[in-house]
Structures are given as C-alpha cells and as structure tokens.
Amino acid sequence: MLKLSALQQYYGASHTLWDLDLQLNTGDCLCLMGRNGVGKTTLLKAIMGLIPVQDGAIIYDGVDLSRAKPETRAELGIGYVPQGREIFPLLSVEENLKTGLRAAGKRGIKTIPDSIFEIFPVLKQMLKRRGGDLSGGQQQQLAIGRALVLNPGLLILDEPTEGIQPNIVSEIGDVIIRLNKARGIDLPRPAPEDIGEIHQAIVRIQRELGVTVLLVEQKLAFARKVADRFCIMDRGRLVADGLMTELDETMIKRYLTV
Ligand SMILES: Nc1ncnc2c1ncn2[C@@H]1O[C@H](COP(=O)(O)OP(=O)(O)OP(=O)(O)O)[C@@H](O)[C@H]1O
C-alpha cells in the first residue's frame with residue numbers, strides 16, 4: 001500500500017529525516033510515535049507532498065509519488081488531516097465538507113458520501129453551523145469527515161486528539177467541581193469533550209470503510225486502543241517498530257517518555 005525507502009529530508013541545511021524506510025500494508029492502522037520534534041509531522045507532510053524530499057522514494061499502490069504534487073496524492077486516494085485540524089472557521093460544516101469534493105471529483109465522487117454522517121452524526125445535526133462554532137472534538141470530526149469525502153484508501157492523521165479533553169481529564173474536572181461546590185464555590189462545568197468519539201470513529205473508518213490508517217499520536221493509551229502496529233522515530237530516524245502488543249516499557253522509557 002505505502003512504501004517509503006531511504007527517504008531524506010532537509011529544512012535548509014538541517015537534516016530532518018534520515019534514510020527512512022517504512023512499510024504500511026493494506027488494512028493496517030499504524031501509529032507513528034516519538035517525542036516532540038523528532039520529525040513525525042515532517043514525515044507526514046513529506047508523504048503528502050507538502051514539503052519536498054531530497055532523496056528516496058514514496059511508493060503508493062505501486063506509483064512513485066516522490067515528486068508528485070499534493071493534489072495528485074489526494075486524487076490517488078490519500079486523505080490527510082493536518083495537525084491543528086485547519087478547518088475553515090467561517091464556512092459552515094457543509095461548506096467545509098464540500099471543500100473535500102474538489103479532489104474527490106477526480107475520483108468520480110460528486111456529493112458528500114452518507115457514510116461520513118453515519119460515522120459522525122453530529123456533522124449532520126450541525127450542517128449549517130459555522131465550523132468555528134464547533135467544539136474542539138467536533139472540529140476534529142469535521143476535519144476527519146472532510147478527508148473522508150475523498151473515499152480514501154489511506155487516511156493520514158496528525159495528532160487527532162490534540163487539544164481535546166480526554167475522559168479522564170473531564171472526570172478529574174468533575175471531582176474538582178464537586179469539591180468546590182461542597183465549599184460553596186460554583187464553577188462552570190467545562191464542555192464535555194470525548195476523545196472516545198474520535199477513537200470509535202478511527203476504528204470504524206479502518207474496519208467498516210476498509211481504510212488503511214497512518215496516524216501520529218502522543219497519547220499512549222489512545223494509540224494502544226486504535227492502532228495494530230507502531231513505529232517509533234528518534235531524531236529523524238526510525239528506531240523501532242512492531243505490533244502494538246509488543247510495545248514494551250523499555251521502548252516507552254527509551255523513546256517516548258519525557
Ligand atoms: N518549516 C520548518 N523549517 C525548519 N525546521 C523545521 C520546520 N518544521 C519543523 N522543523 C524542525 O524539524 C524538526 C522536526 O519537526 P516535526 O514538527 O516534524 O517534529 P514532530 O515529531 O512532529 O514534533 P511535534 O510532536 O512537536 O509535532 C524539529 O527540530 C523542528 O524544529
């Protein structure tokens with residue numbers, strides 16, 4: 001499905017990706033892990049053609065994309081959800097989704113597929129609302145929904161849970177609110193956000209829609225839930241990979257914990 005060989009990337013004189021090989025098989029959900037600044041986002045952008053690579057090959061379904069434009073990669077069925085989501089805050093949910101139709105049109109898709117609303121019912125309910133009025137979790141659903149308009153074979157997600165309050169945090173928040181209430185302080189309850197919805201969606205996208213998934217994710221518990229395989233980067237190099245069940249404490253301490 002996707003094969004990277006001996007990829008080299010530089011930002012000016014700074015060598016960021018070093019001789020990087022990676023293989024992603026059809027149907028996999030692979031989580032790319034590593035500490036801040038090791039080159040994860042750079043690698044995803046290189047796969048999408050948003051930054052040039054200086055050497056090496058990016059082969060997708062047998063086609064060498066190393067020098068192809070980002071639009072070509074989208075037209076071939078690679079969907080991308082960037083870090084920070086990048087939805088259009090002033091456009092409605094529907095208009096945001098329709099921006100995905102440009103590349104999708106080249107794949108014969110003229111309307112927003114219903115499967116997106118089955119996976120993200122909230123997008124249907126909020127079709128006419130402005131993107132900027134959605135919560136962080138809903139904006140992430142919109143960003144993923146927009147990438148799905150393409151009916152991608154491969155979906156690339158850069159930190160889909162970033163900035164979304166995990167359940168555990170909201171549970172701790174609940175306790176603090178209750179304790180304060182007992183002391184006569186009435187704090188407003190923060191809007192409940194749930195990375196569980198994003199988790200469910202990624203699993204359904206992989207299993208029900210048959211989309212191969214490559215994601216960057218720093219939250220270990222989340223990564224363990226969604227991905228079947230992991231690979232770890234350190235200072236621009238791939239240093240470990242395997243089944244998610246094989247990710248052990250030694251690797252976590254050596255490459256992931258700060
Ligand atoms: N546009 C750029 N120009 C120059 N250097 C950059 C640029 N973008 C990133 N870098 C540098 O390249 C290295 C890798 O950055 P990258 O964002 O790919 O890391 P990351 O693993 O995704 O980190 P994070 O988890 O913080 O997003 C870092 O040292 C970063 O400072």
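Me: Let's start with L30. Which residue in β9 is its bridge partner?

Reply: Keep in mind that this is a predicted model. Strand β3 (residues 29-33) and strand β9 (residues 229-234) run parallel and are joined by four bridges. In β9, L30 has as its bridge partner R229.

Me: What is the strand order in the open sheet?

Reply: As a reminder, strands in a sheet pair through backbone hydrogen bonds, parallel or antiparallel. Here six strands make up an open sheet with mixed pairing. Reading across, the order is β6-β7-β8-β3-β9-β10.

Me: Which strands stand at the edges, and why is one side of each left without a neighbour?

Reply: Each edge strand has a single partner strand, so one side of it has no neighbour in the sheet. From one strand to the next, the twist averages 15 degrees. The edge strands are β6 (78-81) and β10 (237-243).

Me: Zooming out, what share of contacts between residues at least 6 apart in sequence join residues at least 24 apart?

Reply: The chain has eleven helices and ten strands, and 37% of its 258 residues count as buried. For contacts between residues at least 6 apart in sequence, the share that joins residues at least 24 apart is 70%.

Me: Now T42. Is it buried, exposed or partly exposed, and why?

Reply: T42 sits in helix α1 and is one of the residues around the ligand. A residue needs 20 or more other C-beta atoms within 10 Å to be buried, and 12 or fewer make it exposed. T42 has 19 within 10 Å, so T42 is partly exposed.

Me: Leaving out residues up to four places away in sequence, which residues does T42 touch?

Reply: T42 and Y10 are 32 residues apart along the chain, and their C-alpha atoms are separated by 9.7 Å. With residues up to four places away in sequence left out, T42 touches Q9, T16, L17 and I51.

Terms used: Residues numbered from 1 in each chain as written. Predicted model: local features only at pLDDT ≥ 70, side-chain atom pairs only at ≥ 80, totals over all residues. Near = placed C-beta within 6 Å. Helix = DSSP H or I, 4+ residues; strand = E, 2+ residues; numbered from the N terminus. Contact = placed C-beta atoms within 7 Å. Pairing = 2+ DSSP bridges. Axes fitted to C-alpha atoms, helices over the stretch in contact; angles between N-to-C directions.
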